[in-house]
Amino acid sequence: MKHYDAIIIGAGQAGTPLAKKLAEAGMKTAIIEKRMVGGTCIIDGCTPTK
Ligand SMILES: Cc1cc2nc3c(=O)[nH]c(=O)nc-3n(C[C@H](O)[C@H](O)[C@H](O)COP(=O)(O)OP(=O)(O)OC[C@H]3O[C@@H](n4cnc5c(N)ncnc54)[C@H](O)[C@@H]3O)c2cc1C
């Protein structure tokens with residue numbers, strides 16, 4: 001079994017930078033994304049409308 005200090009669910013605007021910060025702080029971090037990396041803003045919302 002693998003062990004992590006932090007497991008982030010969702011690679012959107014919140015999850016991705018949080019996972020990066022935790023990893024940079026030395027925590028063994030996993031990020032789980034059910035769809036595509038980017039989240040609502042990149043994949044569905046903000047970018048396609050601008
Ligand atoms: C049409 C539209 C237009 C928008 N336009 C703007 C804008 O112009 N400017 C602005 O600032 N904001 C805009 N927003 C809001 C912006 O998209 C959100 O504020 C932002 O995406 C929230 O980030 P988040 O990381 O909390 O959630 P999200 O970006 O939604 O990320 C959540 C992630 O978690 C994943 N997930 C969910 N459940 C699970 C699970 N059980 N297991 C694994 N993964 C899971 C999802 O697939 C998703 O990738 C818009 C939103 C929409 C819908």
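Let's start with the sulfurs. A search of the whole structure turns up one disulfide. Keep in mind that this is a predicted model.

What is a disulfide? It is a covalent bond between the sulfur atoms of two cysteines. Here, the partners are Cys 41 and Cys 46, with the two sulfurs 2.1 Å apart. Which hand does this disulfide of Cys 41 and Cys 46 have? Look at the torsion about the S-S bond. The value is about -125°, so the disulfide is left-handed.

Now, how covered are these two cysteines? Take Cys 41. Its relative accessible area is 15%. The limit for buried is under 20%, so Cys 41 counts as buried. Then take Cys 46. Its relative accessibility is 30%, and that makes Cys 46 partly exposed.

Cys 46 also leads us to the ligand. How many residues surround the ligand? There are 15. Cys 46 is among the closest, along with Ala 14, Glu 33, Thr 40 and Lys 50.

What kinds of residue make up this shell? Five are nonpolar, six are polar and four are charged. Which element gives the most to the shell? That is helix α2, residues 39-43, with three residues.

Next, the polar atoms. With Thr 40, the side chain is involved: one of its N or O atoms is 2.5 Å from an oxygen atom of the ligand. With Ala 14, the backbone is involved: a polar atom there sits 2.8 Å from a ligand oxygen. With Lys 34, again look at the backbone: an N or O atom lies 3.1 Å from a nitrogen atom of the ligand. How much of the ligand does the protein bury? On its own, the ligand exposes 1000 Å², and the protein buries 52% of that.

Let's step back to the whole chain. The secondary structure comes to two helices and two strands. From the N terminus on, the order is β-α-β-α. Is this chain a compact globule, or more spread out? The globule rule gives 10 Å for 50 residues. The radius of gyration here is 12 Å, well over that, so the chain is more spread out than a compact globule. The C-alpha trace spans about 40 × 20 × 10 Å along its principal axes. And of the 50 residues, 22% count as buried.

Two more residues before I stop. Find Gly 15 in helix α1, which covers residues 15-24. Gly 15 is buried, at a relative accessible area of 6%. Now compare sequence and space. Gly 15 and Thr 49 are 34 residues apart in sequence, and their C-alpha atoms are 22 Å apart.

The other one is Lys 2. Where is Lys 2 placed? Look in the segment before β1, the strand at 6-9. Buried or exposed: which is Lys 2? Its relative accessibility is 64%, so Lys 2 counts as exposed. Leu 22 is 20 residues from Lys 2 along the chain, and 17 Å separate their C-alpha atoms.

To close, go back to the start. The disulfide joins Cys 41 to Cys 46, and Cys 46 is also one of the closest residues to the ligand.

How values were computed
Residues numbered from 1 in each chain as written. Predicted model: local features only at pLDDT ≥ 70, side-chain atom pairs only at ≥ 80, totals over all residues. Heavy atoms only, no water. Disulfide = S-S within 2.5 Å. Buried < 20%, exposed > 50% of the residue type's maximum accessible area, 1.4 Å probe, protein only. Near = heavy atom within 4 Å. Polar contact = N/O pair within 3.5 Å; in protein donor to acceptor, adjacent residues only side chain to side chain. Areas by Shrake-Rupley, 256 points an atom, 1.4 Å probe, with all protein chains shown as cover. Helix = DSSP H or I, 4+ residues; strand = E, 2+ residues; numbered from the N terminus. Nonpolar A, V, L, I, M, F, W, Y, C, P; charged D, E, K, R; others polar. Rg over C-alpha atoms; globule rule 2.2 N^0.38 Å.
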